[in-house]
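Welcome, and please have a look at the sequence and the model shown here.

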Amino acid sequence: MTIRRRRFLATSVAGALAAPAIGRSANASVLKFIPQSDLSILDPIWTGAYVTRNHGMLIFDTLYGMDSSYRISPQMLAGHTVEDDGRTWTLTLRNGLLWHDGETVLARDCVASIRRWGARDSFGQTLMAVTDELSAVDDHRLRFRLKRPFPLLPAALGKAGSNVCMMMPERLASTDPFKQITDMVGSGPFRFKPDEHIAGSRVVYERNQAYVPRPDGQASFTAGPKIVHVDRVEWTVIPDAGTAAAAMQAGEMDWWEVPTADLLPLLRRGRDITVAATDPLGYIGCLRMNHLQPPFDNPALRRAILGAVSQEDYMAAAAGDDPANWRVNVGVFCPGTPMATAAGMDVLTSPRDIDKVRRLVEASGYKGESTVVLVPSDLPTLKALGDIGVDMLKRIGLNVDARYADWGSVLQLLNKTEPVAQGGWSLFHTYWSGLDQVDPAVHVYIRGNGRAASRGWPTSETLETLRNNWLFATEPAERKRIAALIQQQVFIDVPYIPLGQALSSTAYRRNVTDVLTGYALFWNLRKA
């Protein structure tokens, strides 16, 4: 066997490490932020919820980062080596990494963290399936021995979409991945303040004075040096959009993560407010059904619903009447990315015929079973999707039981696999970042691995085989061909239904500058 060895190290960029600046006043060193929702779950491995992911990125760090061009580079790592024709990867931690409790970050901590993440994340499950052995060589090096070459290993460990592979101390990472942790000890640029956390109202983070940023590169999305310029970040939960807008106008808040579409014109008129497009990939609306229980354990019923879905209706309700804020004719993969395809799209783009769909529902064998639709009442965009969905399902003849609750309660209910009579659910609407649907490696809603899949738990051997073929294909044209087959199969098995792409905006005061593109990240930015 030939042995190939290469070194992967980040490239230095002169001048990237400007000294962290302290605000000119005590107030200037506090960033006041309105998150998209309440932080009801702290553990970013246990849930893929974006508010929990954003929270986790303040506290925890990652082995690799992803820049704004979606390139992967070492973050906590000094670099890695690849040997044995791609079957052995050795990852070396950089010096100076400390947990918030003062203990040194060790390779065995990272091994435990990867294993816990790998049990929950779709891409992580794939990586662990091709791993023969994952071990700590010594305090600073961890090693993967693979069953076959897997060049996407850094992409798996460094992906910025949920669930992010965040590093934790071994004592936390050894927790059952299906049980939540609440002890927020990481090695990232901020420390969580549990003594100031008020559930449903307030979350506080303080700058980690012991954090050592990367000594090279430039900050870009989750990659590069994470240099903090504020002493505190305070999240204030404001469910009412009008109240949030007033707080921004009055200067009581510095940054509103997700303003509602109807208030964007008002915010743009504010002389002291910047409205910016943060993510060119936007958010993809999704209708997700529970495949374990009636009525959506019936594939004919799932296929029937395809003909009733109007992406225009969904997007106008959730993202406003201005078509500049959204896109339709959206398939399985994020528009504008290499895997996006028109294959099979006629099921969503052909004229909508509700009477025909009602006949298909009846022909499917639907027997009038209760259809429990979970709708978050405190997230305007998700509520709008839910309202459209409830109306559509009623019009095609389903016995709909719409249950409105706050997002935190919905997240808890979504883990239930029991029948609706025992507190279970049938369907919900959500958004995924376009980043999480760019290809089959990260797109969790195309998985067909049953109870190991994300909430909804679809089973499809065909989808699993196609995804596996894509992961190990070596030519771009072959991956594109397989992606088209995946989309066609999705419209047969219907693990979910895409509802369109909302183009996201965020709003912050003009004295807040150098905000990174992507989702809400709190290093690099400055507050004057």
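Predicted model: local features only at pLDDT ≥ 70, side-chain atom pairs only at ≥ 80, totals over all residues.

Residues are numbered from 1 along each chain as its sequence is written, and side-chain values use heavy atoms, with hydrogens and water left out.

Aspartate 85, although not a glycine, has a positive phi near 55°. Its relative accessible area is 27%, so aspartate 85 counts as partly exposed; buried means under 20%, exposed over 50%, and partly exposed in between, with a 1.4 Å probe and protein chains only. Asparagine 524 is another residue with a positive phi that is not a glycine, at about 75°. Look for asparagine 524 in the loop between strand 21 (512-513) and strand 22 (526-527). With a relative accessible area of 24%, asparagine 524 is partly exposed.

Two peptide bonds also deserve a visit. Serine 162 and asparagine 163 are joined by a cis peptide bond, with omega about -10°, and asparagine 163 belongs to the loop between helix 4 (153-158) and helix 5 (170-173). The bond from proline 294 to proline 295 is cis too, its omega being near 5°. You will find proline 295 in the loop between strand 14 and helix 8 (299-306).

Now step back to strand 5 (residues 77-83), where histidine 80 lies. Is histidine 80 buried or exposed? Histidine 80 has a relative accessible area of 0%, so it is buried. Its side chain makes a polar contact of 2.7 Å with the side chain of tyrosine 64. A polar contact is a pair of N or O atoms within 3.5 Å; within protein, one must be able to donate a hydrogen and the other to accept it, and residues adjacent in sequence count only if both atoms are side-chain atoms.

Helix 9 (residues 311-319) shows burial along a whole element: Gln311, Tyr314, Met315, Ala318 and Ala319 are buried there. These residues lie on the same side of helix 9, because they cover an arc of only 90° around the axis, the arc being that of the directions from the helix axis to the C-beta atoms. What do the buried residues of helix 9 pack against? Their partners are strand 14 (283-289), strand 15 (326-327), helix 10 (346-349), helix 12 (380-395), strand 18 (427-433) and strand 19 (496-502), where contact means heavy atoms within 4.5 Å. After helix 9 comes glycine 320, with a positive phi near 100°.

Two residues show what lies around them. Alanine 136, in strand 7 (residues 131-136), touches Ala107, Arg108, Val111, Arg141 and Leu142, not counting residues up to four places away in sequence. Glutamine 249 is part of helix 6 (residues 241-249). Neighbours within four places in sequence aside, glutamine 249 is in contact with Leu266, Ile273 and Arg509.

Finally, turn to the empty spaces. Rolling a probe the size of a water molecule over the atoms shows where empty space is left. On a 1 Å grid over the protein atoms alone, a cavity is a set of points where a 1.4 Å probe fits but cannot get out, and a pocket is an open set with protein on both sides within 12 Å along at least five of seven lines; lining residues have an atom within 4 Å of a point. Grid points are joined across faces, edges and corners, and a volume is the space filled by probe spheres set on the points. The structure holds three cavities of 30 Å³ or more, and the largest cavity contains about 110 Å³ of space. Of the 14 residues lining the largest cavity, Glu257, Thr278, Gly518, Tyr519 and Ala520 lie nearest its centre. The second largest pocket has about 530 Å³ of space. Its lining has 22 residues, with Met66, Tyr70, Val438, Asp439 and Trp470 nearest the centre.

How values were computed:
Helix = DSSP H or I, 4+ residues; strand = E, 2+ residues; numbered from the N terminus.
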